Every structure is written in C-alpha cells, then in structure tokens.
Amino acid sequence: MEEDVILKISYRIKEIRKERGITIQELADRAGVSKGLISQIENNRTVPSLMVLIDIIKSLDVDLNQFFKDISDRANKAPVIVKRKSEYESFEKEQALGFLYQRILTKSIKNSTVDIVLLELEPNASRPMVRTEAFEYKYILAGSVKYHFEDQDIELSAGDSLLFDGRLAHTPTNIGKDKAIMLIVYFFEEVKA
C-alpha cells in the first residue's frame, strides 16, 4: 500500500472512533489489542496486519465496504488539493514535550527530485499563466494569495496550502496590501530512459 493510502486508513480509524465517542482504551479492548497499538496505528507509526485491521474496523461497528469506500490510491485524485490551516492534523511523538507537530500533507509521488523555494509576491505582482513539469506544493507563510487555474480560482491565507500538478496552467496573484510569502516545494518526476 502507498503511504497516502495507509495515512487515510489511520485517519479514518481515528475519525470514526472520535465521532462515536470511543476512547483508545475502549477500542483496544473491543478489538483485543493493546492501547499502544491503537495509538501507533492512528498516528501512522505502524501498519497493522490485515486481520488486526479488520478486527479494529469491526470493533468500530462499521461495515468494511463502507470503511474502504473512499480509500484508494487511485480514487478521489482531484487535480488540485487544498488544505486549510484548520484541517491540519496535530499529532504527538514520544518524549517530545512542548513540541506541536501538525501534519500538513502526505502525498506519495514516486521517483521525484524535490526543489524547495521561498517566493515573495509584492502587492499587484502579476505574470501570465505558466506550466511546470512538476507537482507543486505551496504553503502560505504570510499574506493572501489567489491561485488562478483555467477553470477555477482559489483564495489562500497564511497557513493554507495547495498541491497540484504543475502541468495545469496556473499563476498566483497577491490579493493583500502587504507582501505575500510562500514556501514552494516542486516535485520533479524522474523520466526513465
């Protein structure tokens, strides 16, 4: 399984458990596993065996088909993925008191070269639509930006992020009065000869 599929499974278990008001200990007792294992699975630190995964899902009183309905490494691949700051998932690591980790995005993109760039956009900065041979991840550090695509415009504020295939025509504009700053990560796929 690809990492993003595993992450979706982990997140779905945690989401359903919380929706139903079930504690980690209660779920562990129902599934016949340890509390630590449930915690590790929910925080994407371990992958359970198929039988343990099925026991956990059944312990949540969820139909297996319903649980896996929206989880696929091929399904639901929108050309643009927007993550709002409010959607970031907080998680903890052992022996890391006072550290706040927030998972912004996990996306498997095989055989890639990564290029990390900081972009500062002045108010009223403009350029024509462009295309790149890379997947592009944008994280807004400061300011407000509108990303223009051929069929949609997306407004982003500090803390929001965006992932898309750079082969889609796109361009950003600064829609604020101050400089906008973005962290950009380009994932260039290696072309095999």
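Is L141 buried, partly exposed or exposed? In this predicted model, L141 has a relative accessible area of 43%, so it counts as partly exposed. The cut-offs explain the label: buried means under 20%, exposed means over 50%, and partly exposed is in between. L141 sits in strand β5, which covers residues 135–142.

L141 also belongs to a surface feature. Together with V114, I116, L118 and L183, L141 makes a nonpolar surface patch of about 450 Å². Strand β4 (residues 112–121) gives the largest share of that patch, three residues.

Now turn to the aromatic residues. The structure holds three aromatic pairs. One of them joins Y147 and F164: the ring centres are 5.8 Å apart and the planes meet at 55°, so this pair is tilted. The reasoning rests on the angle: planes under 30 degrees apart would count as stacked, and planes over 60 as edge-to-face. The pair links distant parts of the chain. Y147 lies in strand β6 (residues 144–149), F164 lies in strand β8 (residues 161–165), and 17 residues separate them. Both Y147 and F164 are buried.

Last, look at helix α1, residues 3–19, where I9 is found. I9 has a relative accessible area of 6%, so this residue is buried. Follow I9 across to I41. The two are 32 residues apart in sequence, and their C-alpha atoms are 8.8 Å apart in space.

L141 is partly exposed at 43%, whereas I9 is buried at 6%.

How values were computed. Residues are numbered from 1 along each chain as its sequence is written. This is a predicted model: local features need pLDDT of at least 70, side-chain atom pairs count only at pLDDT 80 or more; totals for chains, interfaces and linings use all residues. Side-chain values use heavy atoms; hydrogens and water are left out. Helices (H or I, at least four residues) and strands (E, at least two) are DSSP runs, numbered from the N terminus. Buried means under 20% relative accessible area, exposed over 50%, partly exposed in between (1.4 Å probe, protein chains only). Rings of Phe, Tyr and Trp (its six-membered ring) pair if their centres lie within 6.5 Å; planes under 30 degrees apart count as stacked, over 60 as edge-to-face and the rest as tilted. Patches are made of residues with over 30% relative accessible area and no salt bridge: like charges are joined within 9 Å, nonpolar side chains (Val, Leu, Ile, Met, Phe, Trp, Tyr) within 5 Å. Accessible areas come from the Shrake-Rupley method with a 1.4 Å probe; for residues, only the protein chains shown count as cover. A salt bridge is a side-chain nitrogen of Lys or Arg within 4 Å of a carboxyl oxygen of Asp or Glu.
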